[in-house]
Amino acid sequence: MLFKMFKPLFKNKKFIIGFSIFAFFVILGLLGPVFYKVNPTEMAGMFESPPSREHPLGTDTYGRDILAQLLHGVRTSLYIGFLAAIISLIIGTIVGTFAAVKRGIVDEVLMAFTNIILTTPFILIAILIASYLRVRSIEMVALILGLFQWPWFARAIRAQLMSVISREYVYLSIMAGYSDLKLIVEDLIPTIATYAFMSFVLFINGGIMGEASLSLIGLGPTQGISLGIMLQWAVLMEAVRRGLWWWFVPPGIAIVAITSSLLIISTAMDEVFNPRLREE
Amino acid sequence: MGRTSRPLLKYLLRKILFLIVTYVIATTIVFILPRAIPGNPLAQILARLSQLSISNPEAISAANRTLMEEFGLGKPWYIQYVDFVSKALRGDLGTSISFYPRKVIDLIIPVIPWTLILLLPATITAWILGNTLGAIAAYKRNTWIDKGILTSSLIISQIPYYWLGMILIFFFGVKLEILPVQGAYSQGTIPSWNLNFFIDALKHYILPFSSIVISAMGGWAIGTRLLVIYELGSDYALFSEYLGMSDKKVFRYVFRNSLLPQVTGLALSLGSALGGALITEIVFNYPGTGYLLFRALTSLDYPLIQGIFVILIASIYIANFLVDFMYALIDPRIRLGQED
């Protein structure tokens, strides 16, 4: 069933382009560190040398290999993005469906809670929490990011389900005595599946961008290398004003390429699955 | 009927009430967090200090003594909380540790205008340019203009503000050497109201301003394009077309209606815009709130961090309210009480 659902996507040119770029970076992150066996945290050559045959992307102030950092960085950033997205998706789906199904006071409380988080910038909450944690693992950073970026999704899910619930087939299920859980799983979840998938893709973006922001402000993961950490090092060492372009350009390109490929995927899905956008 | 005589007032009062409640919750969290997170550095500093104060009261520096007093060591949490709120209401956000003995509020107030000068014009410019581009793309749907705008907007919208800032510094500041690479004005000059300073500040302004405008523009363009396309398919647009109304005229109605959700979008995006601008300030060493926050974070100056958050969150909510107010003014449905 899943295959049938996604099949029309592979006829869409935009989707193919976005998917190929994203797949490229996933492979780069997964296999890159396996094949390019340079330790990203150890001195590997001269200090701050521009790209050469030995170091395809040059080295940083401590003579560490930038390509090795980039490959590990892509891996970490994608991992953080996925983890944060899963957390956000789960929370958002639970809050959104419960608000729509239970209605009344449950709905009011959940939506008030959602609106409160929505009004407060998610990156500020993340900065505030991260500033009190002295040791931040990669998973911890993903958790902080994932915990606060779901509100817009919960609201959209709730709105969509509210309109689904008033349809006849749902009435029939309710009359047939379905429990809330059975109703949610069998009748409601399928109607939000594509939207949830598109949002998942955007949540990954939020996670990757959020990690980079946190890292730049000095609150990223305290161990490991991510794309944000690379940028932070470059800023700390004044790489930009000293013209060391090979240091700060690659991690930025990786961030933009990954996140825009995901955005293209999500836009293409919208075009394929949303009848109002289909071209006449 | 549910119609009241003053729907606009009721709508605004509800908004204000919501924001006040939200603000109380948010500042309470700002208060609780350093006291609740296990193993947080502030608790450790305070615990060490309190031990020290029993054995050797003289060994504690004045800055640390202030820290102890302000975080109300030894008092029950609810008294600490009442202290915190009543002081904050009187405009006292405590004393900075890294800038001891200066008050937190005195450190924050001078940097706020710099952030506002950067953030507000940039956000509004991006909003206008982005919406215009999006509308053009929708109007020229499926032509190369549309495809060009859409593709470039998709990519541009994913460029982090600060990274674009780095690229701009590198090209215009380092390679071409035509614009200054950091700060809000040249080192050694003192901010004053004269032409020379104005020109100097303007030169420093161009790069951080452009980096925010360019990277924020793409998102608006994508959103407006979609909204206009939806709206063009609505009954009233089709009907006007069948009536033989000129394309331009229909488009003008459609454009105005599509902008409404983008006004609400502006309120929601202010937060992320602020976050982005804060980090852009770090990249540019621009003397605004973000740069101050960065310095507070690196020196673990918790009273200052806490104070910045209390102020930042308040300003976000105020901005939010202003946008909602604008929205209420332009949307006749709210003005006439036909919301929901």
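## Burial in the two chains

In chain A, 45% of the 280 residues are buried. A residue counts as buried if 20 or more other C-beta atoms lie within 10 Å of its own, as exposed if 12 or fewer do, and as partly exposed in between, with C-beta atoms placed from the backbone. In chain B, buried residues make up 37% of the 340 residues.

This is a predicted model, in which local features need pLDDT of at least 70 and side-chain atom pairs count only at pLDDT 80 or more, while totals for chains, interfaces and linings use all residues. Residues are numbered from 1 along each chain as its sequence is written, and chains are lettered from A and ligands numbered from 1 in the order in which they are written.

## Helices and overall dimensions

Chain A has 11 helices and zero strands. Helices (H or I, at least four residues) and strands (E, at least two) are DSSP runs, numbered from the N terminus. The C-alpha trace of chain A spans about 75 × 45 × 30 Å along its principal axes. Of the contacts in chain A between residues at least 6 apart in sequence, 69% join residues at least 24 apart; two residues are in contact if their C-beta atoms, placed from the backbone, lie within 7 Å.

Chain B has 13 helices and zero strands. Its C-alpha trace spans about 90 × 65 × 40 Å along the principal axes. Among contacts in chain B with a separation of 6 or more, 71% are between residues 24 or more positions apart.

## Nonpolar cores

The largest nonpolar core holds 144 residues, and those touching the most other members are A126(A), I127(A), L231(A), A234(A) and I308(B). A nonpolar core is a set of buried Ala, Val, Leu, Ile, Met, Phe, Trp, Tyr and Cys residues joined through C-beta atoms within 7 Å. Helix α5 (residues 104–139) of chain B gives the largest share of this core, 14 residues. Apart from this core lies another, of 11 residues, including A99(A), I157(A), I192(A) and A196(A).

Which residues are in contact with A234(A), leaving aside its neighbours within four places in sequence? They are A239(A), V240(A), W247(A) and F248(A).

## A covered helix in chain A

Helix α6 of chain A covers residues 138–146, and its buried residues are I138(A), V141(A), A142(A), I144(A), L145(A) and G146(A). Among the elements that cover them are α3 (66–102), α5 (122–131) and α9 (180–216) of chain A.

## Where the chains meet

In the contact between the chains, 44 residues of chain B touch 37 residues of chain A. On the chain B side, α1 (7–36), α2 (41–55), α6 (144–156), α7 (161–175), α8 (195–232), α10 (247–284), α11 (289–298) and α12 (302–330) each supply at least two residues. The residues of this side divide into 33 nonpolar, 11 polar and no charged. Here Ala, Val, Leu, Ile, Met, Phe, Trp, Tyr, Cys and Pro count as nonpolar, Asp, Glu, Lys and Arg as charged, and the others, Gly among them, as polar.

## Two helix pairs

In chain B, the axes of α10(B) and α12(B) come within 8 Å and cross at roughly 165°. Axes are lines fitted to C-alpha atoms, for helices over the stretch in contact, and angles run from 0 to 180 degrees between N-to-C directions. The two helices, α10(B) and α12(B), are therefore roughly antiparallel to each other; angles under 35 degrees count as roughly parallel, over 145 as roughly antiparallel, 65 to 115 as roughly perpendicular and the rest as oblique. The residues of the contact of α10(B) with α12(B) divide into 11 nonpolar, three polar and one charged.

In chain A, helix α2 (residues 13–35) packs with α3(A) at an angle of about 120°, the axes being 8 Å apart. α2(A) and α3(A) are therefore oblique to each other. To this contact α2(A) brings F25(A), V26(A), L28(A), G29(A), L30(A), G32(A) and P33(A), and α3(A) brings L71(A), H72(A), V74(A), R75(A) and L78(A). By class, the contact has eight nonpolar, three polar and one charged residues.

## Two loop residues with positive phi

N285(B) is not a glycine, yet has a positive phi of about 50°. N285(B) sits in the loop between α10 and α11 of chain B, and counts as partly exposed because 15 C-beta neighbours lie inside 10 Å.

L300(B), also not a glycine, has a positive phi of about 50°. The place of L300(B) is the loop between α11 and α12 of chain B. With 16 other C-beta atoms within 10 Å, L300(B) is partly exposed.
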